[in-house]
Amino acid sequence: GKPECAGGQFFITEVGYARFPSELTTDELAADIAVIFHWSPADTGKMSLSELLSWRYQAAKRCGQQDE
């Protein structure tokens with residue numbers, strides 16, 4: 001279903017409440033993962049939102065981003 005919005009946050013059944021920059025789309029998550037791990041869109045396209053978020057977090061750690 002459609003996420004419920006409140007105060008710049010939204011509820012996702014899989015991960016609970018989350019706050020994301022408006023420019024951070026699932027395509028952006030997949031692109032960040034692909035750059036670090038060299039995975040194809042076919043690989044990331046099968047992932048749930050919680051998997052994308054988890055792998056994007058791992059990718060950010062590996063490229064030295066501390067604020068994500």
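Select W55 to begin: with a relative accessible area of 33%, W55 is partly exposed (buried is under 20% relative accessible area, exposed over 50%, partly exposed in between, with a 1.4 Å probe and protein chains only). This is a predicted model, in which local features need pLDDT of at least 70 and side-chain atom pairs count only at pLDDT 80 or more, while totals for chains, interfaces and linings use all residues. Residues are numbered from 1 along each chain as its sequence is written, and side-chain values use heavy atoms, with hydrogens and water left out.

Rings of Phe, Tyr and Trp (its six-membered ring) pair if their centres lie within 6.5 Å; planes under 30 degrees apart count as stacked, over 60 as edge-to-face and the rest as tilted. W39 sits in the loop between α1 and α2 (41-44), and W55 is in helix α3, so this pair ties together parts that are 16 residues apart in sequence. Helices (H or I, at least four residues) and strands (E, at least two) are DSSP runs, numbered from the N terminus. W39 is partly exposed as well, at 27% relative accessibility.

The structure holds three aromatic pairs. One of them joins F37 and W55, again edge-to-face, at 5.5 Å centre to centre and 80° between the planes. F37 belongs to helix α1 (residues 26-37) and W55 to helix α3 (residues 49-62), so the pair ties together parts that are 18 residues apart in sequence. With F37, W39 and W55 all displayed, you have one aromatic cluster.

Now move to R56, also in helix α3. R56 counts as buried, at 10% relative accessibility. Show D32 too: a polar contact of 2.8 Å joins the side chains of R56 and D32. A polar contact is a pair of N or O atoms within 3.5 Å; within protein, one must be able to donate a hydrogen and the other to accept it, and residues adjacent in sequence count only if both atoms are side-chain atoms.

Finally, zoom out to the whole protein chain. Three helices and three strands make up its secondary structure, in the order β-β-β-α-α-α from the N terminus. Of its 68 residues, 22% count as buried. Colour by surface: the chain exposes about 5,000 Å², and carbon and sulfur atoms supply 52% of that (Shrake-Rupley method, 1.4 Å probe).
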